[in-house]
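The following exercises are to be worked with the sequence and the coordinates at hand. Each task is followed by a solution in steps.

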Amino acid sequence: MREVIVLGIGQTRVEEHWERSLRDLATEAGLAAMRDAGVDRIDAVFVGNMLSGQIAHQENLGALVADWMGQRGAEGFKVEAACASGAAAFRAAFLAVASGALDAVLAVGVEKMTETSGSETTAALASAADADFESVQGITFVGLNALIMRRYLHAFGWKHTDFGEFSINAHANGARNPNARLRQPITERDYARARMICEPINLLDASPIGDGAAAALLLPADKVAGGPRPRIKIAGSAAATDSLAVHDRKDPLFLSAAHLGARRAFAQAGVTPGEIDFFELHDAFSILAAMSLEACGFAERGQGPRMALDGAIRLDGKLPICTQGGLKARGHPVGATGMYQIVETVQQLRGEAGENQLSKARIGLAQNIGGSGASIFTHILKAE
Amino acid sequence: MDITRHWRLRRQRYALEGERCVHCREYIFPPRDICPHCGEEAGPLHTMSGQGEVYSFTVVHDPPTGYEAQAPYAVALVKLAEGPLITAQLTDVDAADIKIGMPVEMVTRRLRTDGPEGVIQYGYKFRPHLAVS
């Protein structure tokens, strides 16, 4: 396997882009990543996306994006793993370059969610669950996470308000990220009084959907000359699955695919959890933030909320998470989210994270969850 | 819409037909080719009793397309007496009265309708267990 470098990154703001289409957003982020890398021809573009067929009635995104980026002729296809489609595209790009099959590969995550009404978008998102045995019962995506959270509160004795710090931290960081969807800080009082959307999950536990695209250009290390900026190496890349349906899990309160992926990625990178400087985790709902910390070895079982309550997750804490706002505040354009996490990790490692820049950012962990824990992609990036 | 799919799943939707693994004796719902517990070939078929208890629950206020008429409705993870968890709506109960651990039993109810001309889909839901007097 060859060493692989992330040479360029690009992103659009996450918002309701009424005037921009899926192809516009993907093209903007992709071209920004190529410009950032100083590369004008690519061998391939892998497009991470979940809902284009259902919402925009558009598939065959590889050809569409390659053409609109002026890269007609390049290899291209869509990669889908529900809300983890972005990181799945990134992993596909990593494997293609690491194997020696391709040199310059662009991974673009893109989602256009505001073309349809709320109930249609809700129905489309539910397609990440088991259609025959979950969605048919009218359960929504937030509903599945509510089932997990209620049982978690019951099993480990936490109160709902113990999760507030996850959202407060995300909003504080999002307020300083010019690309974030939500840029207003929130307080404990806001969290406690937020509208209940699917008990015990309230509006401030849940990440907002949105339109957006983010991209990264990958090259083999031996084709990248040293420059003034630190080189960002992909030190670990791993993916694992769990049962598609929550009800088929051995333990619905443990993200075993996050655990397996993290273990593999740590081994590849030759690092321990204690050496990770920050963690871009998948806080689609606050319960997932807590369970991600546990699955990746940063907290004991059932003790994820403790890290938030102790302040360990803040920018000045032991393990900062969601440094640019996470899904909760930057926003969750589902198939693009994994690529936003990668872009934000690279920003931190390069020292280009603006007002959210960490004082120590040498090794970053990014983890993207598809479905309610079914497909999970874990990456470790290192500045050298 | 989805007529063949519902016909294909009729024994699960109407009778909770699953399996009991001949190798490890664990119960499985719905039936599959490989036992998720021991990794051996699954089977033979086994019909679940329909008895269980609430493992977790929530109330859906913002329903997906096709479920608007029923909202708000309660959905639970039900732990069947045989062991498997199953996702199902709770019916014939006030949301305020639902508790983790509450005994429930399977009933057949309308799951969704696809407009005035469409198919009416029936399937399992669960209600509080009715004590036999």
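A residue is buried if 20 or more other C-beta atoms lie within 10 Å of its own, exposed if 12 or fewer, and partly exposed in between, with C-beta atoms placed from the backbone. This is a predicted model, in which local features need pLDDT of at least 70 and side-chain atom pairs count only at pLDDT 80 or more, while totals for chains, interfaces and linings use all residues. Residues are numbered from 1 along each chain as its sequence is written, and chains are lettered from A and ligands numbered from 1 in the order in which they are written.

**Exercise 1. The overall form of chain A**

Determine whether the radius of gyration of chain A agrees with that of a compact globule or disagrees with it.

Solution. The radius of gyration is taken over C-alpha atoms, and the globule rule is 2.2 Å times the number of residues to the power 0.38. For 384 residues, the rule gives a value near 21 Å; chain A has 19 Å, which agrees. The C-alpha atoms fill a box of roughly 55 × 45 × 40 Å along the principal axes. Of the 384 residues in chain A, 64% are buried. Two residues are in contact if their C-beta atoms, placed from the backbone, lie within 7 Å. Among the contacts in chain A with a separation of 6 or more, 77% join residues 24 or more positions apart. Chain A contains 13 helices and 11 strands.

**Exercise 2. Helix α3(A) and its surroundings**

Describe how α1(A) and α3(A) are oriented, and state which residues make their contact.

Solution. Begin with the axes, which are lines fitted to C-alpha atoms, for helices over the stretch in contact, with angles running from 0 to 180 degrees between N-to-C directions. The axes of α1 (residues 22–37) and α3 (residues 61–68) of chain A come within 9 Å and cross at roughly 60°. The two helices are therefore oblique to each other; angles under 35 degrees count as roughly parallel, over 145 as roughly antiparallel, 65 to 115 as roughly perpendicular and the rest as oblique. Next, list the contact: α1(A) supplies Arg23(A), Ala26(A), Thr27(A) and Gly30(A), and α3(A) supplies Leu64(A), Val65(A) and Trp68(A). By class, these residues are 4 nonpolar, 2 polar and 1 charged, where Ala, Val, Leu, Ile, Met, Phe, Trp, Tyr, Cys and Pro count as nonpolar, Asp, Glu, Lys and Arg as charged, and the others, Gly among them, as polar.

Then consider burial. Leu61(A), Leu64(A), Val65(A) and Ala66(A) are the buried residues of α3(A), and their cover includes α1, β2 (44–48), α2 (52–56), β3 (75–79) and β4 (105–111) of chain A. Finally, follow the chain onward. Met69(A) lies in the loop between α3 and β3 of chain A and counts as buried, with 24 C-beta neighbours inside 10 Å. Residues that Met69(A) touches include Thr27(A), Gly30(A), Leu31(A) and Val45(A).

Conventions. Helices (H or I, at least four residues) and strands (E, at least two) are DSSP runs, numbered from the N terminus. Lists of a residue's contacts leave out its neighbours within four places in sequence.
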